[in-house]
Amino acid sequence: MDTKAFREGFRDGIPIGLGYLAVSFSLGISAKQAGLTPLQGFVTSFLENASAGEYIAFTLIGAGATYIELCLMTIIANARYLLMSCAMSQRFSPDTPMIHRFLVAFDLTDELFGITIARPGSLNPYYTYGAILLAAPAWACGTALGIIAGNLLPLRVVSALSVALYGMFLAIIIPPSKKSRPVLGVVVASMAVSTVFAVTPVLKQVSSGFMIIITTLLVAGLAAYFCPVEEKED
């Protein structure tokens, strides 16, 4: 076990865990409205670890949707994690055991992907384990607490707590954008494409999961074509 990497991951996972606790609290209110118990909400969030997927799942449960509808919508909402998994798999050392790849993929969220993929060199699974140790329980506990609280707190107050996550996203993209013009171009282009999806009447109908996939493939493909990464021989 690499204790140094584990401690670093634990340290970097503190703000993520705090943000997850706040955001999943509002998710718990949705679960309460769908009729879930605190234990059911805890288990669901501990196993799924996806805000958009869980919001959709709880909405469909409350509407009495079938299992097939629930499975299909959850897969569509979480399809972007397939791209993240592909990116992560390329950064592991070839001799990394499959069990480590499996465990890291289990909790591959946007924020954990961001802090992990930003580390130089081959990825160390123990760094991700340290971050998961706080992030996963915080997400699950926040959902359970939200169900317990029910509708006692105004939804606007709870939603305002999610600002912490946006701050973490900015902390991930701003430093590399200052150092690299191609990265800055990718960030700006991604914002532009996302805006087009948000304001165009036809594109508004595209789900958020597919919107992220399309934006990622388009912007990353153009960046790879115009600004390829120079490969260096060992």
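Helices (H or I, at least four residues) and strands (E, at least two) are taken as DSSP runs and numbered from the N terminus. The model is predicted: local features need pLDDT of at least 70, side-chain atom pairs count only at pLDDT 80 or more, and totals for chains, interfaces and linings use all residues. Residues are numbered from 1 along each chain as its sequence is written, and side-chain values use heavy atoms, with hydrogens and water left out.

The protein chain contains twelve helices and zero strands. Buried residues have under 20% relative accessible area, exposed ones over 50%, and partly exposed ones fall in between (1.4 Å probe, protein chains only). By this criterion, 35% of the 234 residues of the protein chain are buried.

The loop between α2 and α3 (51–62) holds Asn49. This residue is not a glycine, yet Asn49 has a positive phi of about 55°. Most residues other than glycine have a negative phi. Asn49 is buried, at 6% relative accessibility. Leu27, in helix α1, is also buried, with a relative accessibility of 0%.

A nonpolar core is a set of buried Ala, Val, Leu, Ile, Met, Phe, Trp, Tyr and Cys residues joined through side-chain atoms within 4.5 Å. The largest such core has 18 residues, of which Ile16, Leu36, Phe58, Leu112 and Ile115 touch the most other members. At least two residues of this core come from each of α1 (3–33), α7 (110–117) and α8 (125–149). Helix α8 supplies the largest share, seven residues. A second core is separate and has ten residues, among them Ala50, Tyr81, Leu108 and Tyr129.

Helix α2 (residues 38–48) gives the most to the patch, four residues. Val43 belongs to this helix and is partly exposed, at 38% relative accessibility.

Aromatic contacts were then examined. Rings of Phe, Tyr and Trp (its six-membered ring) pair if their centres lie within 6.5 Å; planes under 30 degrees apart count as stacked, over 60 as edge-to-face and the rest as tilted. The structure has five aromatic pairs. One of them, Phe46 with Phe106, is tilted, at 6.4 Å centre to centre and 55° between the planes. Phe46 lies in helix α2 and Phe106 in helix α6 (residues 98–106), so the pair ties together parts 60 residues apart in sequence. Phe46 is partly exposed at 34% relative accessible area, and Phe106 is partly exposed at 37%. The pair of Tyr225 and Phe226 is edge-to-face, because the ring centres are 4.9 Å apart and the planes stand at 90°. Tyr225 and Phe226 are exposed. Phe42, Phe46 and Phe106 make up one aromatic cluster.
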